[in-house]
Amino acid sequence: MVFITGVLTVVVLLLLSPSTAEIKTITITSDTRPLILFEKFGFTYPGRVAIAASSVAVVAPSSQPNLSRLGFFLISEKSLPQFIIEMEQNPTFCILNSPYTSHLFTFLDLPPPPATFNRSYSVTISDEYSLFFANCVPESSVSMEIHTEFFNLNRDASRNYLSSGHTNLPSLLFLFSFAYFSFFLAFSLYPRHVSKRSLERIHLLMPQLLLATGLSHLFAALDMHHVKLTGTHGWDVFFFNFDLIRVVLLFSVVILVGTRWTFLHPLVRERGKKVLFLVIPLQVLACCAYSVVHDTGPYIINWVTWNQVFLLLDLISCFAVVFLVVWSMRSLRKITEGEPAAAMKFSLIKRFNLVVIGYLFFTRFVMFAFKTVLSYEYQWVSNLVEETATLVFCIAMFYVFGLLEKDEYSVIGDEEEQVSEIVVKE
């Protein structure tokens with residue numbers, strides 16, 4: 001029963017974990033899990049797996065545990081359903097003896113300590129493989145230090161440490177960073193033509209959003225290019241910082257355009273402030289959880305929990321924005337009754353809010369399903385679709401912002417706003 005629970009946990013890990021590639025040194029301490037997922041990687045022919053094991057220790061009720069029942073293996077995505085069926089039919093069966101796995105080595109093959117086991121394996125069949133450690137000795141715990149390297153060989157015999165589905169990502173991210181930088185340069189000139197009366201803080205936030213998005217994509221591309229060549233990260237700290245700024249600015253601008261800025265009623269704007277103060281801390285926490293997930297891997301015990309925390313915080317933020325959008329449309333419909341000019345502007349904001357809901361639903365739910373069914377060698381297509389949707393959403397948001405800004409009716413001065421708030425309170 002314990003082993004079946006471990007198998008189900010691993011299935012969840014396989015669904016949540018993307019194909020990664022960087023060179024890793026992993027320390028496992030007194031771990032009792034029957035299965036530990038170390039990496040997922042999409043191989044092309046020829047591909048290689050290099051594993052080094054050191055400081056291995058096994059603690060078991062028996063003074064001499066069967067070391068042949070502890071070891072590493074590779075399993076392809078195509079063989080995973082057979083593997084699950086096999087374990088359900090025979091819970092006591094050791095997966096190291098399964099015909100559906102590619103056996104690498106067991107602890108019986110390890111040299112006496114303090115020597116280090118170091119071996120390289122060739123992958124001759126192109127597929128996405130997962131590296132597992134299996135512990136088939138009941139009530140035993142394992143401690144070890146594992147060094148892993150996954151790579152494909154290029155035509156010139158150089159190493160490519162990116163999974164086959166991510167090889168095109170550096171070029172793709174460079175392209176989108178160029179698009180956002182061009183967008184930023186075009187929009188940065190925009191406030192010069194805006195009257196002082198209608199100049200708001202949002203005029204400064206929107207180009208900052210474009211700049212942060214362009215820098216986030218640029219450093220992501222540089223980091224993935226560095227991983228592709230060396231197997232190690234070089235720009236991930238810059239990427240996480242600017243991605244955090246990008247996420248905070250994106251949610252802020254969406255709320256400001258949808259509720260705070262323009263002609264909206266003070267009561268709606270007040271609700272927007274509360275949601276904004278809720279969403280920003282949630283997104284900061286979600287980015288912290290994402291950095292933990294990205295910097296570690298499925299081999300840590302709480303990796304699934306960190307994934308769930310990230311998803312939960314992100315979904316709460318999205319639902320808060322959707323709630324605000326629906327509530328603001330409902331309130332504005334009542335406020336604009338009998339005012340044709342305001343009703344026309346309400347129709348524009350309503351369409352924008354529907355675009356916001358559609359964007360959040362598409363990037364959170366549709367894209368998750370799309371990535372799940374997409375073949376491993378075309379994972380970059382999901383990034384292309386998601387980045388294109390985000391760029392189109394930004395263009396739509398800036399278009400609506402431009403239409404609202406042109407209308408003098410959409411601008412409320414400080415004195416008018418104070419008077420309106422007094423009226424609302426009364």
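Ala 157 is exposed, its relative accessible area being 58%. The model described here is predicted. One disulfide is found in a search of the whole structure, and the count of salt bridges comes to six.

**Backbone geometry in loops**

- Ala 157 belongs to the loop between S8 and strand S9 (159-160). Its phi is near 70 degrees, a positive value in a residue other than glycine.
- Glu 139, also not a glycine, has a positive phi of about 55 degrees. This residue sits in the loop between S7 and S8 and is exposed, at 70% relative accessible area.
- Most residues other than glycine have a negative phi, and most peptide bonds are trans.
- The peptide bond leading from Tyr 45 to Pro 46 is cis, with omega near 0 degrees. Pro 46 is placed in the loop between strand S2 (35-43) and strand S3 (47-59).
- Pro 113 and Pro 114 are likewise joined by a cis peptide bond, for which omega is about 10 degrees. Pro 114 falls in the loop between S5 and strand S6 (117-123).

**Disulfide and cysteines**

- Cys 94 and Cys 136 form a disulfide with an S to S distance of 2.1 Å.
- The torsion about the S-S bond of Cys 94 and Cys 136 is about 85 degrees, and the disulfide is therefore right-handed.
- Cys 94 is located in the loop between helix H2 (80-89) and strand S5 (102-106), and Cys 136 in the loop between strand S7 (127-135) and strand S8 (141-153), so the pair ties together parts that are 42 residues apart in sequence.
- Both partners are shielded from solvent by the accessibility criterion: Cys 94 is buried at a relative accessible area of 4%, and Cys 136 counts as buried at 7% relative accessibility.
- Two further cysteines are buried: Cys 318 has a relative accessible area of 6%, and Cys 394 has a relative accessibility of 3%.

- The buried residues of H2 are Leu 80, Phe 83, Ile 84, Glu 86 and Met 87. Because they cover an arc of only 160 degrees around the axis, they lie on the same side of H2.
- Glu 88 and Gln 89 are exposed residues on the face of H2 turned away from its buried side.

**Salt bridges**

- Side chains of opposite charge can pair when their charged atoms come close.
- Asp 31 and Arg 33 meet through their side chains in a salt bridge, at 2.6 Å from N to O. Asp 31 is buried, with 6% relative accessible area; Arg 33, at 19% relative accessibility, counts as buried under the 20% cut-off.
- A salt bridge links Arg 364 and Asp 314, whose closest N and O atoms are 2.8 Å apart. Arg 364 is part of helix H8 (residues 340-373) and Asp 314 of helix H7 (residues 303-335), so this pair ties together parts that are 50 residues apart in sequence.
- Within that pair, Arg 364 counts as partly exposed at 23% relative accessibility, whereas Asp 314 is buried, with a relative accessible area of 10%.
- Glu 386 and Lys 371 form a salt bridge between their side chains, with an N to O distance of 3.4 Å. Glu 386 is in helix H9 (residues 379-406) and Lys 371 in helix H8, so the pair ties together parts that are 15 residues apart in sequence.
- Glu 386 counts as partly exposed at 21% relative accessibility, and Lys 371 is partly exposed with a relative accessible area of 35%.

**Nonpolar surface patch**

- Phe 319, Phe 361, Phe 365 and Val 366 make up a nonpolar surface patch of about 390 Å². H8 supplies the largest share of this nonpolar patch, with three residues.
- Val 366 is located in helix H8 and is partly exposed, at a relative accessible area of 32%.

- Ser 216 is situated in helix H4 (residues 202-230) and is buried, with 2% relative accessible area.
- The side chains of Ser 216 and Asp 243 are joined by a polar contact of 3.3 Å.

Definitions and conventions
Residues numbered from 1 in each chain as written. Predicted model: local features only at pLDDT ≥ 70, side-chain atom pairs only at ≥ 80, totals over all residues. Heavy atoms only, no water. Disulfide = S-S within 2.5 Å. Helix = DSSP H or I, 4+ residues; strand = E, 2+ residues; numbered from the N terminus. Buried < 20%, exposed > 50% of the residue type's maximum accessible area, 1.4 Å probe, protein only. Arc of directions from axis to C-beta. Salt bridge = Lys/Arg side-chain N within 4 Å of Asp/Glu carboxyl O. Patch = residues over 30% accessible without salt bridge, like charges linked within 9 Å, V, L, I, M, F, W, Y side chains within 5 Å. Areas by Shrake-Rupley, 256 points an atom, 1.4 Å probe, with all protein chains shown as cover. Polar contact = N/O pair within 3.5 Å; in protein donor to acceptor, adjacent residues only side chain to side chain.
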